[in-house]
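Here is a brisk report on how two chains meet and what lies around their contact. Keep the sequence and the structure open while reading.

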Amino acid sequence: MTEPDVRDLLTELADSVEGPDLASTAWDRSVSRRRRRMSVGVGAVAAATAIAFGAVHLRAHDASTGGPTHPSPTTSQPSEPAGPTLDGFSIAVAPKLADEATLPIAGSPLPSTIDLSAPNPSVVDHPLLSAVAAFAIRKVVGDTTRFDGVMLVGPGGELRHLDAARLQPIDIGDGNVASPFAAGSLSPDGTRLAFPQPDGVTMFTIPTGEWTSFPMSVTGNDLVDLHWTSDGMIRLGLTTLDPDSGRTTSDRIGSPLYATDLKVQYWSGAERTLGDLHARAAAYLDERSPAPGIDTYPPAIVAVGDGVRALLLIPDQQPRWKNCCTVAGWLDSSQVAYDATSSQNPLHPDQTLRALAWNVATGEVRLVTTVTGSADMLFQGSYADLAADF
Amino acid sequence: VGVASDDRETFTAWASARQQALFRTAYLLTADRSRAEDLVQIALMKVAARWARLRDGDPDAFARTCIVRDNISAWRRRRREVLVETAPDRATGDPMTAIDRRLALASALATLAPRQRTVLVLRYYADLTEQQTAETLGLSVGTVKAHAHQALHRLRSAAPELAEFVDRSHRPEAST
């Protein structure tokens with residue numbers, strides 16, 4: 001085997017891989033990093049000390065002191081899983097809201113940026129075979145919002161608009177209404193969208209552009225929530241009527257499919273599975289957080305199964321809005337993607353929604369995609385099986 | 001603002017053109033896509049921070065040096081990483097497919113010490129001279145020569161089937 005042979009073999013091996021686009025964001029990341037470094041000042045000593053304990057602890061430390069964060073790419077290095085635990089769950093702390101934009105990129109079927117404000121063709125006129133994500137759009141009109149259809153994201157990042165004027169808003173009890181869309185609306189294979197409706201489920205088949213209705217008789221109750229299971233079934237959530245008071249309350253698909261002894265005030269969004277792995281968002285834990293510097297009863301992402309018992313505690317609950325943060329799905333057997341803001345009002349203060357990926361083994365958190373829209377738009381995401389080969 | 005905008009554009013154009021080559025070099029060094037992405041991302045950020053000075057120089061060399069040295073630093077932190085001593089067996093008798101070759105090479109590369117692997121990749125994939133390789137690694141030319149010799153020897157012994165493949169592929173085809 002000569003040196004030219006080795007050259008050929010190395011080239012063949014190297015050519016078999018292709019990296020993500022890192023060039024388009026490198027400049028902004030570098031500028032942001034320099035600005036933050038200039039503002040660190042003497043706090044760098046504390047930050048450097050924190051780095052020695054791993055990225056997870058660095059974030060917790062920053063949150064507790066209110067001091068500047070260090071967005072160094074060293075945060076992309078896996079941290080040691082050792083640290084505080086809660087009921088046998090290992091604990092990691094998610095990045096603060098202000099640090100999300102400079103996280104390392106995670107590989108996923110989603111494009112790194114999605115702009116929902118640009119005009120896009122109708123999916124009926126320009127069909128897609130499937131979608132990797134769907135975003136329900138609400139337009140702010142005065143003091144209220146109006147459901148304005150769905151934007152579909154194709155496997156190549158192409159966007160298509162779905163006019164959903166035929167759908168009615170959902171009564172979620174006590175005089176409140178919501179969009180006929182759920183975090184679990186998009187089927188795992190990305191070919192169908194299921195919408196909760198007062199009289200049943202309405203389905204849109206993406207490749208054919210066909211609408212189908214499944215009427216239901218649910219006297220006294222309204223359908224308010226749904227999500228697809230990994231085996232192609234749809235779980236439904238109904239309102240609950242109290243006949244004594246006449247009040248109805250929303251039942252957002254109740255207890256999780258998996259059994260844990262973790263105390264959770266209530267769950268949020270759909271449970272997402274990959275084989276024996278399960279992940280779901282807890283809108284609030286019902287146990288005191290052992291991590292310093294975040295809310296006492298914080299939102300969290302819970303991952304269990306296949307030897308995994310891990311919690312990701314999420315700081316900055318207030319600006320993320322209530323019911324933060326729903327699970328988007330598993331990217332692979334170690335990374336859970338989640339929307340880092342609430343589905344009810346997923347706009348960050350900087351007018352973006354970011355999906356992040358949490359490595360349940362190392363605690364590392366990466367940036368999956370950044371979704372932007374116009375100033376009068378609110379949006380909610382629903383994702384296909386992100387571990388599938390699109 | 002105009003200068004900054006121009007810098008951003010020229011940097012992004014350079015990075016777009018070079019990122020795949022840098023990623024592939026990083027992948028050969030690490031055999032791990034995630035680590036390769038991290039290395040390239042950090043290297044690009046470092047180049048961006050120094051773009052005013054590097055744009056008329058050799059940003060490729062700077063980025064490559066960042067990748068190589070950051071990878072070695074990361075390896076030092078991960079001393080517990082276990083080197084594979086022997087390449088897995090492959091069923092004999094069938095011609096090697098491209099996938100077989102890549103697997104065999106990846107296994108053989110895993111038997112190399114980090115510096116041997118780095119020298120091999122820089123010399124024979126990145127096409128650096130011995131002098132350039134030495135500068136990138138901060139070593140003497142003599143040390144680079146020694147690492148290259150040891151790397152080739154170990155590669156040949158770890159994956160003899162690769163030698164069989166290249167012997168076959170270099171054999172002239174019979175004329176008809």
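## The interface

Between chain B and chain A, nine residue pairs are in polar contact, both residues being at pLDDT 80 or more. A polar contact is a pair of N or O atoms within 3.5 Å; within protein, one must be able to donate a hydrogen and the other to accept it, and residues adjacent in sequence count only if both atoms are side-chain atoms. On chain B, α1 (2–30), α2 (33–49), α5 (98–109), α6, α8 (141–158) and α9 (160–170) each supply at least two residues of the side that touches chain A. Helices here (H or I, at least four residues) and strands (E, at least two) are DSSP runs, numbered from the N terminus. The most comes from α1(B), with 13 residues. By type, this side of chain B divides into 27 nonpolar, seven polar and 14 charged residues. Ala, Val, Leu, Ile, Met, Phe, Trp, Tyr, Cys and Pro count as nonpolar, Asp, Glu, Lys and Arg as charged, and the others, Gly among them, as polar.

The model is predicted: local features need pLDDT of at least 70, side-chain atom pairs count only at pLDDT 80 or more, and totals for chains, interfaces and linings use all residues. Residues are numbered from 1 along each chain as its sequence is written, chains are lettered from A and ligands numbered from 1 in the order in which they are written, and side-chain values use heavy atoms, with hydrogens and water left out.

## Area and contacts

In total, 48 residues of chain B are in contact (heavy atoms within 4.5 Å) with 40 residues of chain A. The two chains bury about 4,000 Å² between them, 61% of it on carbon and sulfur atoms. Buried area is the accessible area (1.4 Å probe) that two parts lose on being put together, summed over both. On the chain B side, B:Gln41, B:Met45 and B:Tyr124 lose the most area to chain A, together 17% of what that side buries.

B:Tyr124 also belongs to helix α6(B), where it is buried. That helix spans residues 114–124, and ten of its eleven residues are buried. Buried means under 20% relative accessible area, exposed over 50%, partly exposed in between (1.4 Å probe, protein chains only). Among the buried ones are B:Pro114, B:Gln116, B:Arg117 and B:Leu120.

## Salt bridges

How many salt bridges are there over all chains? The count is eleven. A salt bridge is a side-chain nitrogen of Lys or Arg within 4 Å of a carboxyl oxygen of Asp or Glu. Three of these cross the interface of chain B and chain A. In one, B:Glu37 pairs with A:Arg366, the closest N and O atoms being 3.9 Å apart. B:Glu37 is buried at 9% relative accessible area. A:Arg366 is buried at 4%.

Within chain B, B:Asp7 forms a salt bridge with B:Arg55, with 2.4 Å between the closest N and O atoms. B:Asp7 lies in α1 and B:Arg55 in the loop between α3 and α4 (59–77), so the pair ties together parts 48 residues apart in sequence. B:Asp7 is buried at 10%, while B:Arg55 is partly exposed at 28%. B:Asp60 and B:Arg18 also meet in a salt bridge (2.6 Å, N to O). B:Asp60 lies in α4 and B:Arg18 in α1, so this pair ties together parts 42 residues apart in sequence. B:Asp60 is buried at 17%; B:Arg18 is partly exposed at 28%.

B:Trp51 sits in helix α3 (residues 51–54) of chain B. Its relative accessible area is 4%, so B:Trp51 is buried. The C-alpha atoms of B:Trp51 and B:Asp7 are separated by 7.2 Å, though the residues are 44 apart along the chain. Not counting residues up to four places away in sequence, B:Trp51 touches A:Trp27, B:Asp7, B:Thr10, B:Phe11, B:Trp14 and B:Pro59.

The largest nonpolar core has 83 residues. Such a core is a set of buried Ala, Val, Leu, Ile, Met, Phe, Trp, Tyr and Cys residues joined through side-chain atoms within 4.5 Å. Those with the most contacts inside it are A:Tyr338, A:Trp358, B:Phe11 and B:Leu120. Its largest share, nine residues, comes from α1(B). A second, separate core of 23 residues includes A:Val132, A:Ala133, A:Ala337 and A:Val368.
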